[in-house]
Amino acid sequence: MAAGAMVAAAGGSDFSDLREIKKQLLSVAERSRERGLQHSGKWAAELAFALEPLPLSELPPPPVLTEEDARDLDAYTLAKSYFDLKEYDRAAYFLQGCKSQKAYFLYMYSRYLSGEKKKDDETVDSLGPLEKGQVKNEALRELRVELSKKHKAQELDGFGLYLYGVVLRKLDLVKEAIDVFVEAAHVLPLHWGAWLELCNLITDKEMLKFLSLPDTWMKEFFLAHIYTELQLIEEALQKYQSLIDAGFSKSTYIISQIAVAYHNIRDIDKALSIFNELRKQDPYRIENMDTFSNLLYVRGMKPELSYLAHNLCEIDKYRVETCCVIGAWTLMGHEYMEMKNTSAAIQAYRHAIEVNKRDYRAWYGLGQTYEILKMPFYCLYYYRRAHQLRPNDSRMLVALGECYEKLNQLVEAKKCYWRAYAVGDVEKMALVKLAKLHEQLNESEQAAQCYIKYIQDIYSCGEVVEHLEVSTAFRYLAQYYFKCKLWDEASACAQKCCAFNDTREEGKALLRQILQLRNQGETSSTDVAAPFFLPASLSANNTPTRRVSPLNLSSVTP
């Protein structure tokens, strides 16, 4: 099928003719394999496999050969055999001078992969972690010059545009790369590789809005994927459900993406259930098994995790996902951190990001490493990147708040701590940090409100109150109410202080002072506005029942 015919066939986002869609998928899978684009070919083949088989009479015809294809056929056939054996320089040598689109693409792609292979070899041979980051693909600049000329002359087909985009991305020319990938999607909408590259470059929903994308059923797969990547999980799940309803219910790709989506919103049980079902359907699958292993680890399912690691080692020991299950770059970074080897940790985290730019753990690890090195501006940058990937993860927000505190940007720190509390504070430290910030700024009423809310949250969760900061909260509140001459509330908090070793003596001393003042005829103040109170009869087994209104932080809440 000619490229123009494939564009026309892919037009429209209608899923009513699944037989036609299957033909398109089988055709583009074959065309991708002819050009050495194995992953794009595999994706199309897997999606086609999820649809009903076609009768012989409806199978797509072989691609139509042009005069240039015929002239280049011998050189292409020979070069492709070398390419498949990863002899990229040899393949490129025999393709020099070829004019057909297919042979020209393989020529340029061979040169690109040769440069990547040499870069990887140099990386392995480099002396230390700092040198590894300096190794570059030396072929990129030449490829850019040649592909740019072809692009200006409008001589690149959809595959050629895709390769041009990849070269631009590797040279960190992100804006130009996005434009070229969008053009590639218009020229050849059935090629998944171009869509996937776009997914890796789009960082937020605003960027997505400004993309002029082709109206094709492939766009639905792209949107579902990018929504998952951008943590827009509800929208992603709706898209995947619509694709299942359209006829792709057997697609292992869609099933795995749904499992990843549930992992991203921490619905661990649902994600585990889907991954287990996926493993039954596709037991030798390696993609996304690193995510599955993370779920098993979080659930403490060590026997299952061990079995998965052994199983993946038997399938392919050196695949990235297998290494992640056993102990990947991110985990290596953590280990180097434990060993205080910060330079090696930084390089390990950087490798993790090269593998997956959306690995928030690696960005977060880099932030922690630079925090140890006392380089707050650097750690602020990396914590921000982690937060962008996990906007509703309180740990990222608390880390950002601490960083802003160190830089004396206290308004920004307040925003982060309040936001961390608002999204659901995992470690239950955000309110305490916010309270201490208010203390530092002599904002006593706001500090008291934070401590009250913190205590109420701790008790309402039914947690054992062994938290060091609980005693800190009661001590502050006892002193606050004492200064406000609210003896009953001060007494209740002072009694709570007596239950903790670090505040017992202060609590007893305050109780004696309150008793002495009462004996002298001092009465509780009625002039002080007290919009919030702890129950007077608060005990270790008592859950606070009075809820305070949210903090009035409208001026600093994001």
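**Figure 1. Salt bridges in the predicted model.** The count of salt bridges comes to 33, where a salt bridge is a side-chain nitrogen of Lys or Arg within 4 Å of a carboxyl oxygen of Asp or Glu. Side chains of opposite charge can pair when their charged atoms come close. One network of salt bridges links Arg266, Arg390, Asp393 and Arg395. This is a predicted model, in which local features need pLDDT of at least 70 and side-chain atom pairs count only at pLDDT 80 or more, while totals for chains, interfaces and linings use all residues. Residues are numbered from 1 along each chain as its sequence is written, and side-chain values use heavy atoms, with hydrogens and water left out.

**Figure 2. The protein as a whole.** The protein has 30 helices and zero strands; helices (H or I, at least four residues) and strands (E, at least two) are DSSP runs, numbered from the N terminus. Of the 558 residues, 49% are buried. Buried means under 20% relative accessible area, exposed means over 50%, and partly exposed lies in between (1.4 Å probe, protein chains only). Among contacts with a separation of 6 or more, 60% are between residues 24 or more positions apart, a contact being heavy atoms within 4.5 Å.

**Figure 3. Glu206 and Lys209 in helix α12.** Glu206 forms a salt bridge with Lys209, and their closest N and O atoms are 3.2 Å apart. The two residues are three apart in helix α12 (residues 205-209), so about one helical turn separates them. Glu206 is partly exposed, at 44% relative accessibility, whereas Lys209 is exposed, at 57%.

**Figure 4. Asp269 and Arg299.** A salt bridge joins the side chains of Asp269 and Arg299, at 3.0 Å from N to O. Asp269 lies in helix α16 and Arg299 in the loop between α17 (289-298) and α18 (302-316), so the pair ties together parts that are 30 residues apart in sequence. Arg299 has a relative accessibility of 40% and counts as partly exposed.

**Figure 5. Helices α15 and α16.** Helix α15 (residues 252-264) packs against helix α16 (residues 268-281) at an angle of about 160°, and their axes are 8 Å apart. Axes are lines fitted to C-alpha atoms, for helices over the stretch in contact, and angles run from 0 to 180 degrees between N-to-C directions. The angle makes α15 roughly antiparallel to α16, a term for angles over 145 degrees. From α15, the residues in the contact include Ile255, Ile258 and Tyr262, and from α16 they include Ile274, Phe275 and Leu278. By class, nine residues of this contact are nonpolar, four are polar and one is charged. Ala, Val, Leu, Ile, Met, Phe, Trp, Tyr, Cys and Pro count as nonpolar, Asp, Glu, Lys and Arg as charged, and the others, Gly among them, as polar.

Figure 6. The side chains of Arg475 and Glu506 form a salt bridge, 2.9 Å from N to O. Arg475 is in helix α28 (residues 468-483) and Glu506 in helix α30 (residues 504-519), so the pair ties together parts that are 31 residues apart in sequence. Arg475 is partly exposed, with a relative accessible area of 24%, and Glu506 is partly exposed at 36% relative accessibility. Helix α30 also holds Lys508, which counts as partly exposed at 36% relative accessibility. The C-alpha atoms of Lys508 and Cys497 are separated by 8.0 Å, and these residues are eleven apart along the chain.

Notes
Angles under 35 degrees count as roughly parallel, over 145 as roughly antiparallel, 65 to 115 as roughly perpendicular and the rest as oblique.
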